[in-house]
Amino acid sequence: MATAHNPPPLLVLVCKRPSPGVGKQRIAAILGKERTAELAERLLACALEDLRSWPHATAISIASEADLPWARAQLPTAEVVAQKGRNLGERISDTCRQLDTVQRPVLLIGSDAPELSSTYLKDCLRALDHADVVLGQAEDGGVVVMGAKTPWPALDSLPWSTAALGAALQAQCENCGLTVAVRPPLCDIDRYDQLDDLAHRIASDERPARRELHRWLTTQMTAESRTRRMSV
């Protein structure tokens, strides 16, 4: 049982408010800003679904202070903070400071990994029983989960949003004397060419937000295929 001296593990969603022209520029170059925002909304809904199913404490770290009221409305039971920092590493460090995670295990997720599940997240939490840090790998070399039971080392100089991030983050932790557990890779959605494969991967997922994402993806892929045939 959690007490003042043993607070519950915290699951933190680090995200931006979906809006046309915000984020996922490689996808927007093909889908357009409006449809890319629709995709981002559905991906975010999957991440919020993960927070709602988490049996412990939850928090949302939102990119803009102006979006704090919006973030609070998404999950009223979650603690909400606004990110501060010049890059993602600084914003994650600041988020952990604001949420006072020093004395409890924390898992951080983004909104781009709809393959995440309660089973995967609980496995990451269990890994912290025997390691200082747990990293859920992304297939593109990044990470889909960052977990720790100790303060993070400096994160500001790491190659965020690149294929080198996962290895660099692990090395940074190990160079600071922290033990690291690694969990199997999942898909992290950054490119248009991942969408068709994602639709197949989540086809049998019965969670409501995943079903809606699958419906949207199949509709988009069908429309795209029809457009290609008509242009031949």
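Trainee: What should I know before I start?

Mentor: This is a predicted model, in which local features need pLDDT of at least 70, side-chain atom pairs count only at pLDDT 80 or more, and totals for chains, interfaces and linings use all residues. Residues are numbered from 1 along each chain as its sequence is written, and side-chain values use heavy atoms, with hydrogens and water left out.

Trainee: How many salt bridges does the structure hold?

Mentor: There are 17 salt bridges. The term stands for a side-chain nitrogen of Lys or Arg within 4 Å of a carboxyl oxygen of Asp or Glu. Side chains of opposite charge can pair when their charged atoms come close.

Trainee: Which residue forms a salt bridge with Arg42?

Mentor: Its partner is Glu212, and the closest N and O atoms of the pair are 3.0 Å apart. Arg42 lies in helix α2 (residues 33-53) and Glu212 in helix α8 (residues 208-231), so the pair ties together parts that are 170 residues apart in sequence. Helices here are DSSP runs of H or I with at least four residues, strands are runs of E with at least two, and both are numbered from the N terminus.

Trainee: Is Arg42 buried or exposed?

Mentor: Arg42 counts as buried, at 19% relative accessibility. Buried means under 20% relative accessible area, exposed means over 50%, and partly exposed lies in between (1.4 Å probe, protein chains only). Glu212 has a relative accessible area of 28% and is partly exposed.

Trainee: Where do Arg126 and Asp123 lie?

Mentor: Both lie in helix α5 (residues 118-127), 3 residues apart, which is about one turn of the helix. An α-helix has 3.6 residues a turn, so residues three or four places apart point the same way. Arg126 and Asp123 form a salt bridge, with 3.8 Å between the closest N and O atoms. Arg126 is partly exposed at 48%, and Asp123 is partly exposed at 24%.

Trainee: Which residues are linked in a network of salt bridges?

Mentor: The network links Glu49, Asp50, Asp205, Arg207 and Arg210. Asp205 is placed in the loop between α7 (195-201) and α8, and counts as buried at 18% relative accessibility. The side chains of Asp205 and Arg207 are joined by a polar contact of 2.7 Å. A polar contact is a pair of N or O atoms within 3.5 Å; within protein, one must be able to donate a hydrogen and the other to accept it, and residues adjacent in sequence count only if both atoms are side-chain atoms.

Trainee: A change of topic: how many disulfides are there?

Mentor: The structure holds 0 disulfides, a disulfide being a pair of cysteine sulfur atoms within 2.5 Å. For Cys46, the nearest cysteine sulfur is that of Cys187, 12 Å away. Cys46 is buried at 1% relative accessibility, and Cys187 is buried at 3%.

Trainee: Which residues of helix α6 are buried?

Mentor: In α6 (residues 165-175), the buried residues are Leu165, Gly166, Leu169, Gln172 and Cys173. Seen down the helix axis, they fall within an arc of 130°, so they line one face of α6. That arc is taken from the directions from the helix axis to the C-beta atoms. On the other side of α6, Ala167 and Asn175 are exposed.

Trainee: What do those buried residues pack against?

Mentor: They pack against β5 (133-138), β6 (143-148) and β7 (180-186). Contact means heavy atoms within 4.5 Å.

Trainee: Which residues touch the most other members of the largest nonpolar core?

Mentor: Ile60, Leu107, Leu116 and Val145 do, in a core of 34 residues. Helix α5 gives the most to this core, with 5 residues. A nonpolar core is a set of buried Ala, Val, Leu, Ile, Met, Phe, Trp, Tyr and Cys residues joined through side-chain atoms within 4.5 Å. A second, separate core of 24 residues includes Val81, Cys96, Leu99 and Val143.

Trainee: Which residues are in contact with Val145?

Mentor: Leaving aside neighbours within four places in sequence, the contacts of Val145 include Leu107, Leu116, Tyr120 and Cys124.
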